[in-house]
Structures are given as C-alpha cells and as structure tokens.
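Hello,

Here is the structure I said I would pass on. My notes on what turned up in it follow below.

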Amino acid sequence: MKKVIAVIDILHFSEDQIRGFKYFTRQTNSQLTIICLDNLTASPVSVTASVFPEPPVIEYSQISVEARVALQWQINQNIKQLHQLCDKDDITVVLRESVSSPVSEIVNASRFADLLLVSSSTSFAALSDSNPPRFIKDILVEAECPVMVLPDMSLPIKEIIFSYNGTYSSIYAIRQFTLLFPAYGDMPVKVVYVTENDQATIPSKKDLKAYLDAHYSKVEYVVLNGNPATEFLALLIRRDDCIVTYGAFGRSAISRFFHPSDADSILRTTNIPVFVTHP
C-alpha cells in the first residue's frame, strides 16, 4: 500500500475531481488523504519566492464578520458533501483541513507521501490567475514527491506515454511512475524521443528497452524531429485517453526536461493526466 495525498479547494470542487482522485488511488492500492484548502483562511504563500509572480490570496482578516460566517457555513456544507462522495466506495479516505498557506501546506505533506494528486484548475489567486494557475506551477516546482496533475474530468486510460531524452530526470520519472503503478503492466506504452543535438537514435535504447520489458508487455518507440515542446503538444493535443510523464519542472535550465513555458502549454491545452517528478 502507498501513501497518496490529494488537494482540493474546499470552496470549489466537483464530483468529477473526486472521481479522478479515487481512480488513481485504486490503481496504486493506496489510502487517500484529501487536504482541504481554502484561499480565504490561508495566509499568503510562505515558501521561497515564487518564480511565477501572480496576485496573492485574500487574507481572512480582510473580509467582514458576516462574510466569514457565511464562508464557514459553506465550508462545513462542502466537507459534508465530500464525506458523502468518499464514503460511496471501498477506499480509505482521510480528510485533513488546512492550517497554513496552500503551497507550504502541500509541500510539507508531499515530503511524507508517495504521490500527490491535484486538479489542473485548482487556484488560490484573488484576482485573475494564469493558466495553469500559479498554485499548480509552484507545486510542480516545490513538491517533494511525484505529482499527477489531472484534468477536471478524466476519461479511462488506454495508453501510457513516456517522454524521454536520455537524461537522468526523464528516466527517473519513468521509473517512479512504473513503481507507483504496477497495475499498468499490460497497458500499451509509447516511448517518445524528440531528436536533440543531431542524435537521431534513442539514447541508451538497449538499456531502456531491457528495463521497460521487465515491467510492460507492450512497448512502442517513437522518434520525432523538431522542437520538443511543439512535437509533444502536436502528439497530445487531441488525446484524452492517455497519461504523459515528464522528468522535471522549472528547477533549473540543467535539471528540467522542458522549460516552464513548454510544460505550461501541455497543462494548458491538453485534457490528460500529466505525471511530473524530479530527482
């Protein structure tokens, strides 16, 4: 059994989001902890300065007493609804309410988790937010466990797409995904390599094939030419039935697999789960 945590905005969540959390919890045979955050009782982000500056969250002290009472009533009602949604299935679910700022709360929880699930639309900005939201981008940079970013409505998974460029971070993501989801052993897998530095062949393909053959029964290898972000976007833009893995997000020009803007385009324009982790 693995430890999976999920995060929701307790003031704004949907049954489809919870359904997606429960699906991946089943796939990992895990206990699910849902952390209930709300932007009006949280403090501003307190982790290291964000590389994605956006409007800060509203502080609880800034709203009237009447508004606080109404919001707390809504939060209590939503927590009851969440319990009802979770109690339908044979999944062990623990609800945990936030006690600090959204990003720092999730980063601390991720240190003691195997996987973090979050919806791609989750946002805690007071004014207009970016797409994907600042909250998602900060989590992808700071999280200390693998992150699965889910569309608001997930469809059944029919294929796993591993992005690979021969770096440690890209194979690390593949290995982490494989260890977390052994139930996908019979799922079709596509390894996608975009030609870099005039190298037209997949780096270390023999070793990669030996590893994947030990875990998956159907593996296809695809080599594309062009800009990696553009080629992946073209490959995924019309898909809604697969998962894609990426090796890193935003930590440095050396460690990340794609630049933040490139990963943003995948999160912003596709309707598939995106698995991101970094060594």
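Strand E4 (residues 115-119) and strand E5 pair in the parallel sense over 4 bridges. Two strands count as paired if DSSP finds at least two bridges between them. Helices (H or I, at least four residues) and strands (E, at least two) are DSSP runs, numbered from the N terminus. Leu 117 has Met 148 as its bridge partner in E5. On E5 there is also an antiparallel pairing, with strand E10 (residues 274-276), over 3 bridges. There, Met 148 stands opposite Phe 275 in E10.

A word on the basis. This is a predicted model, in which local features need pLDDT of at least 70 and side-chain atom pairs count only at pLDDT 80 or more, while totals for chains, interfaces and linings use all residues. Residues are numbered from 1 along each chain as its sequence is written, and side-chain values use heavy atoms, with hydrogens and water left out.

Back to E5 (residues 147-150). Which way do its side chains point? Val 147 and Val 149 point one way, Met 148 and Leu 150 the other, and all are buried. Buried means under 20% relative accessible area, exposed over 50%, and partly exposed in between (1.4 Å probe, protein chains only).

Next, the cores. A nonpolar core is a set of buried Ala, Val, Leu, Ile, Met, Phe, Trp, Tyr and Cys residues joined through side-chain atoms within 4.5 Å. The largest one has 42 residues, and Met 148 and Phe 177 have the most contacts inside it. Helix H2 (residues 65-86) gives the largest share of this core, 5 residues. Apart from it lies another core, of 34 residues; Ile 5, Ala 143, Val 149 and Val 276 are among them. In soluble globular proteins, nonpolar side chains tend to be buried together.

What does Phe 177 touch, leaving aside its neighbours within four places in sequence? Its contacts (heavy atoms within 4.5 Å) are Met 148, Ile 160, Phe 162, Tyr 184, Tyr 216, Ile 243, Thr 245 and Phe 275.

Phe 177 also belongs to an aromatic cluster, along with Tyr 23, Phe 24, Phe 162, Phe 181, Tyr 184, Tyr 216 and Phe 275. The pairing rule takes rings of Phe, Tyr and Trp (its six-membered ring) with centres within 6.5 Å; planes under 30 degrees apart count as stacked, over 60 as edge-to-face and the rest as tilted. By this rule there are 10 aromatic pairs. Tyr 23 and Phe 24 make an edge-to-face pair, 4.9 Å centre to centre with 85° between the planes. Tyr 23 is partly exposed at a relative accessible area of 25%, whereas Phe 24 is buried at 1%. Phe 232 and Tyr 246 are edge-to-face too, at 6.1 Å centre to centre and 70° between the planes. Phe 232 lies in helix H7 (residues 228-236) and Tyr 246 in strand E9 (residues 242-246), so this pair ties together parts 14 residues apart in sequence. Both Phe 232 and Tyr 246 are buried.

Last, the salt bridges. How many does the structure hold? There are 7 salt bridges, each a side-chain nitrogen of Lys or Arg within 4 Å of a carboxyl oxygen of Asp or Glu. Arg 19 meets Glu 15 in one of them (3.6 Å, N to O). Arg 19 also bridges to Asp 16, with the closest N and O atoms 2.4 Å apart. Glu 15 and Arg 19 lie in helix H1 (residues 15-27), 4 residues apart, about one turn of the helix. Asp 16 and Arg 19 are 3 residues apart in H1. Glu 15 is partly exposed at 38%, Arg 19 at 44% and Asp 16 at 29%.

Arg 111 and Glu 144 form another salt bridge, the closest N and O atoms being 2.6 Å apart. This pair links distant parts of the chain, 33 residues apart: Arg 111 is in the loop between helix H3 (102-110) and E4, Glu 144 in the loop between helix H4 (134-142) and E5. Shared partners join Glu 159, Lys 190, Arg 239 and Asp 241 into one salt-bridge network.

Best wishes
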